[in-house]
Amino acid sequence: YYALVEMALPKKIGANLKILEDLGFLFGEDQSRYIITIKAENENNFIAKSKDLNVTITKIGVTTSNKTIELNNLDPLDIDELELLYEMVLPNYINS
C-alpha cells in the first residue's frame, strides 16, 4: 500500500483499488511483486504479452483524476493528507 501512495504523490493522481485477496497482499515485500501502470488502450496487449511470457498478473485497480485512493469501497484517503503524513514521518521520528 505504501508503494501505491508513493506512486500517487508526485503527480497527485488517485486510484480506485479492488483487492479481492487477503488485504495482507498489500503489505507483502516479495521481490517478485511489482506495481505498474499502463494506459487503458495498452491493457489487452499487456495481458497478452504477460501470458506469452508466462508472467502472472493481477489487476488491482485503475488510476483516477480525483485526488483520493479508494480501497474496496472503504473511506477514501486524500492524497494531500497522505502527502503531509508522508513528509512528517522522518521529522517526527527525529524529534521524538
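**View 1. Glu-43 and Lys-59 form a salt bridge, with their closest N and O atoms 3.2 Å apart.** A salt bridge here is a side-chain nitrogen of Lys or Arg within 4 Å of a carboxyl oxygen of Asp or Glu. Glu-43 belongs to helix H2 (residues 43-52) and Lys-59 to the loop between H2 and E2, so this pair ties together parts 16 residues apart in sequence. Glu-43 is partly exposed at 25% relative accessible area, and Lys-59 counts as exposed at 54%. The cut-offs are these: buried is under 20% relative accessible area, exposed is over 50%, and partly exposed is in between (1.4 Å probe, protein chains only). A word on the model itself: it is predicted, local features need pLDDT of at least 70, side-chain atom pairs count only at pLDDT 80 or more, and totals for chains, interfaces and linings use all residues. Residues are numbered from 1 along each chain as its sequence is written, and side-chain values use heavy atoms, with hydrogens and water left out.

**View 2. Lys-12, Lys-67, Asp-80 and Glu-83 are joined in a network of salt bridges.** Start with Lys-12 and Glu-83, whose side chains meet at 2.3 Å, N to O. Lys-12 sits in the loop between helix H1 (2-8) and E1, while Glu-83 is in helix H3, so the pair ties together parts that are 71 residues apart in sequence. Then look at Asp-80 and Lys-67, which make a salt bridge at 3.0 Å, N to O. That pair also links distant parts of the chain, with Asp-80 in helix H3 and Lys-67 in the loop between E2 and strand E3 (68-71), 13 residues apart. How accessible are the members? Lys-12 is partly exposed at 27% relative accessibility, Asp-80 is partly exposed at 33%, and Lys-67 is partly exposed at 35%. By the rule given above, the salt bridges come to 4.

**View 3. Pro-10 sits in the loop between H1 and E1.** Pro-10 is exposed, with a relative accessible area of 65%.

**View 4. Helix H3 covers residues 79-95, 17 residues in total.** Helices (H or I, at least four residues) and strands (E, at least two) are DSSP runs, numbered from the N terminus. From first C-alpha to last, H3 reaches 25 Å, close to the 24 Å expected at 1.5 Å a residue; the expected span is 1.5 Å times one less than the number of residues. Where does H3 kink? The kink of about 40° is at Met-88, shortly before the proline Pro-91. The bend at a residue is the angle between axes fitted to the seven residues ending there and the seven starting there. At the N-terminal end, Asp-78 caps H3 through a side-chain oxygen that lies 3.0 Å from the backbone nitrogen of Asp-80.

**View 5. An open sheet of 4 strands runs in the order E2-E1-E3-E4, with mixed pairing.** Strand E2 (61-64) and strand E4 (77-78) are at the edges and have a single partner strand each, so one side of each is left without a neighbour in the sheet. Two strands pair if DSSP finds at least two bridges between them. Strand E1 (residues 14-17) and E2 pair in the antiparallel sense over 4 bridges. To find one of the contacts, look at Leu-17, whose bridge partner in E2 is Gly-61.

**View 6. The largest nonpolar core has 12 residues, among them Leu-4, Ala-15, Ile-69 and Leu-82.** A nonpolar core is a set of buried Ala, Val, Leu, Ile, Met, Phe, Trp, Tyr and Cys residues joined through side-chain atoms within 4.5 Å. Which elements supply at least two residues of this core each? They are H1, E1, E3 and H3. H1 gives the most, with 3 residues.

**View 7. Asn-54 and Asn-72 are worth a look for their backbone angles.** Most residues other than glycine have a negative phi. Asn-54, in the loop between H2 and E2, has a positive phi near 55° and counts as exposed at 72% relative accessibility. Asn-72, found in the loop between E3 and E4, has a positive phi of about 50° and is partly exposed at 26%.

Note on methods
A polar contact is a pair of N or O atoms within 3.5 Å; within protein, one must be able to donate a hydrogen and the other to accept it, and residues adjacent in sequence count only if both atoms are side-chain atoms.
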